[in-house]
Amino acid sequence: MDTKAFLGSIAGFEEILVDNFTDVRGFHRALFVSHCHSDHREGLGSKNILNLLTSSQISLYTTKETASLLSKTEDLKHLKSYFTILELGGPFSVAVGDGKHISVTVLPAAHCSGSVMFLFSRNGIRSLYTGDFRLTLKEPLHPIITEHPINNLYVDTTFFSKKKIFREFPLHQHSIDMIRTFIYDRPTASIHIDFSAGREPIAKGLAATFPIRASRAVLHEFSEIPEVARLFSVASDCRVHVGPGRDGGCELCRPETLQITPSIMWRAFFPTTNMNLHEKEPGKFSIAYSMHCSYLECERFIQLVGAERVFPIVVPPEMTLPQIKAIMRRYSVVPKRKLSISDSDDDTASKKLAAKTVAEDLGSEYSDVSTESDDIVIPLHPVTVYMNSLKRNSCVQDSGSTNNSVTEGLIEDSRLDSDGVSRDSEDDDTSSAASEIIELNLSD
């Protein structure tokens with residue numbers, strides 16, 4: 001199943017693409033990669049992008065660690081000389097053609113080596129793209145995020161599910177302690193730990209207790225990242241080593257070697273338990289470890305940011321794209337459309353009923369809209385639902401000026417795609433539709 005909910009475009013910043021490069025067009029001037037994992041660099045190895053980079057029509061931005069890791073992959077090694085390195089911090093000014101610039105602030109994402117969030121700003125519009133990230137329940141937001149309001153938040157929703165197995169995850173330190181105990185309890189065993197970008201905290205946490213040897217593949221991958229490479233021992237008698245999955249060709253494994261896979265997805269097979277250690281078959285163990293936020297961690301992050309509009313990056317397990325988009329709309333704090341009920345009309349009950357019908361037609365995700373007060377607040381929704389509902393209930397006034405302004409505002413919203421980016425025109429200022437407030441006067 002395709003789990004992508006984000007196609008690369010950022011509202012208000014039409015000249016850039018982030019983490020999805022399958023639709024590079026003539027007006028794009030800058031590409032941003034948040035981290036090295038393959039699902040966040042789709043299309044980056046295309047001939048089209050290479051030609052654009054070669055002719056300096058487009059620039060490619062990422063961190064030093066991500067550039068190194070990507071340059072070690074077979075499909076992207078040819079891009080090594082084209083990366084423009086961004087350090088943590090900022091804001092940095094990035095040219096996007098025709099003398100225009102945007103500001104980019106780079107924040108740590110705690111997902112893997114080099115992983116970052118991007119905060120884009122221009123002309124008072126601020127859009128935050130998290131990429132994949134892990135922020136625990138006790139960690140504060142970076143102060144620059146709360147310095148000014150965030151207009152658009154694109155958030156990692158990999159495990160944004162209320163299912164018990166995804167609601168809470170062990171802290172990294174807890175997972176490392178479980179692995180350490182596992183090793184202590186088997187004092188003569190040879191132990192292999194599946195290792196890739198994102199599991200670096202495990203090596204760091206264990207290296208002070210156990211000498212750790214790394215396979216050739218791991219040494220090659222992290223050779224230019226000293227803070228990881230220095231964790232590994234060259235001693236040949238280490239009984240703990242890291243490498244690709246034992247079945248994936250780790251040369252350090254022997255038939256009797258025990259394998260540990262730090263992961264969280266295996267929990268999906270045990271939906272009624274918070275199990276953190278499982279022997280999936282003889283000699284092969286899974287230990288709960290996540291590089292992504294749990295449901296509670298992600299929800300807290302979204303609430304603390306308080307963005308005007310929230311968009312998912314990933315479709316969570318057992319959920320559809322429309323479902324996760326609808327859920328994210330619940331967390332958006334964009335100014336809402338207010339439907340005013342005239343005080344001069346005594347029959348307020350019928351008007352409340354009409355407004356309630358409009359709310360119900362918005363779909364189940366808006367079923368909690370209150371109709372107890374005289375002012376009914378309805379969240380943003382596509383134009384067809386509004387117009388059909390209002391027509392059916394005869395709620396739209398016939399006066400030309402009011403109807404024209406309402407229709408124009410609704411049409412403006414209908415042009416916004418699911419990620420908040422207008423697909424109708426390259427020159428549209430998509431931010432204006434996000435902040436627009438429209439008054440609809442209900443009358444019989």
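E74 counts as exposed (relative accessible area over 50%, with buried meaning under 20% and partly exposed in between, for a 1.4 Å probe and protein chains only), its relative accessibility being 62%. K77 is partly exposed at 45%. The side chains of these two residues, E74 and K77, meet in a salt bridge with an N to O distance of 2.9 Å; a salt bridge is a side-chain nitrogen of Lys or Arg within 4 Å of a carboxyl oxygen of Asp or Glu. The structure is a predicted model, in which local features need pLDDT of at least 70 and side-chain atom pairs count only at pLDDT 80 or more, while totals for chains, interfaces and linings use all residues. Residues are numbered from 1 along each chain as its sequence is written, and side-chain values use heavy atoms, with hydrogens and water left out.

By the salt-bridge rule, the count comes to 14. One of these joins R122 and E15, with 3.0 Å from N to O. The pair links distant parts of the chain, 107 residues apart: R122 belongs to strand β7 (residues 116-122), and E15 to the segment before β1 (16-18). Helices (H or I, at least four residues) and strands (E, at least two) are DSSP runs numbered from the N terminus. Both R122 and E15 are buried. They also take part in a network of salt bridges that links E14, E15, K100 and R122.

Another salt bridge is formed by E251 and R216, whose closest N and O atoms are 4.0 Å apart. E251 is partly exposed, at 33% relative accessible area, whereas R216 is exposed, at 60%.

R134 is placed in the loop between β8 (125-129) and α3 (143-147). With a relative accessible area of 4%, R134 is buried. Its side chain makes a polar contact with the side chain of E297 at 2.8 Å. A polar contact is a pair of N or O atoms within 3.5 Å; within protein, one must be able to donate a hydrogen and the other to accept it, and residues adjacent in sequence count only if both atoms are side-chain atoms. A polar atom of the R134 side chain also lies 3.1 Å from the backbone oxygen of P170. Beyond four places in sequence, the residues in contact with R134 (heavy atoms within 4.5 Å) include A109, F169, H172, S290 and C293.

An open sheet of 6 strands, with mixed pairing, has the order β5-β6-β7-β8-β9-β16. Its edge strands, β5 (89-95) and β16 (309-312), each pair on one side only; two strands pair if DSSP finds at least two bridges between them. Strand β6 (residues 101-108) runs antiparallel to β7 and is joined to it by 6 bridges. V104 has F120 in β7 as its bridge partner. Helix α9 (residues 295-305) lies across β7, β8, β9 (152-155) and β16, at about 170° to β9. Angles run from 0 to 180 degrees between N-to-C directions, and axes are lines fitted to C-alpha atoms, for helices over the stretch in contact.

The mean pLDDT (the predictor's confidence in each residue, from 0 to 100) of the protein chain is 79, and 73% of its residues reach 70 or more. Over residues 336-416, pLDDT stays under 50.
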